[in-house]
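Trainee: I would like a close look at one single part of this model. Please take me through it step by step.

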Amino acid sequence: MKGKILLFDDSSRTGIISGDDGKRYEFDIEQWRIKSFPSVDMRVDFIINESFATTINPNTNPSKKSSSKKMGAILFAFLLGAFGAHKFYLGYKMQGVIMLLTSIIGYVFIGIPTLIMMVIAFIECVIYIFKSNESFEETYILNNRGWF
């Protein structure tokens, strides 16, 4: 069955899915099959067990939004990657701050840390280019993989 998450409560770790059949199904976090938490309006695939949703997976069909995120991430990684711009763009604030501070502090140490950040950003840019839209969305949007 396909549906959309209507509600997810972080404290109780439970939620409600509106199925494409017009019915609502309760779920708890144990039925969620990926590392990141569910979010409201996320499209999902699930199995119905009475009035409960089980074996819930995000619908990983690529969307225009994910392909545009991929293109933006590629451009930011190539142009401003040493400063972590692509990390901030994808929502990885901690990794972005690490790259930004390392690059800024790198100038004190003859630029070697900045050069290292440039190499890392270039490698990530190449990885982004060669990943399919589906793989990019699953890895960096749904599973929140911050590095490589």
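Mentor: The buried residues of helix 3 pack against helix 2 (85-90) and helix 4 (112-130). Contact here means heavy atoms within 4.5 Å. Helices are DSSP runs of H or I with at least four residues, numbered from the N terminus. This is a predicted model: local features need pLDDT of at least 70, side-chain atom pairs count only at pLDDT 80 or more, and totals for chains, interfaces and linings use all residues. Residues are numbered from 1 along each chain as its sequence is written, and side-chain values use heavy atoms, with hydrogens and water left out.

Now the residues themselves. Q95, G96, M99, S103 and G106 are the buried ones in helix 3. Buried means under 20% relative accessible area, exposed means over 50%, and partly exposed lies in between (1.4 Å probe, protein chains only). Viewed down the axis of helix 3, the buried residues fall within an arc of 105 degrees, so they line one face of the helix. That arc is taken from the directions from the helix axis to the C-beta atoms.

Turn to the other face. Pointing away from the buried side of helix 3 are K93 and M94, both exposed.

Last, check the length. Helix 3 covers residues 93-106, which is 14 residues. At 1.5 Å a residue, helix 3 should span 20 Å, and its end C-alpha atoms are 19 Å apart, which agrees. The expected span is 1.5 Å times one less than the number of residues.

Conventions:
Helix = DSSP H or I, 4+ residues; strand = E, 2+ residues; numbered from the N terminus.
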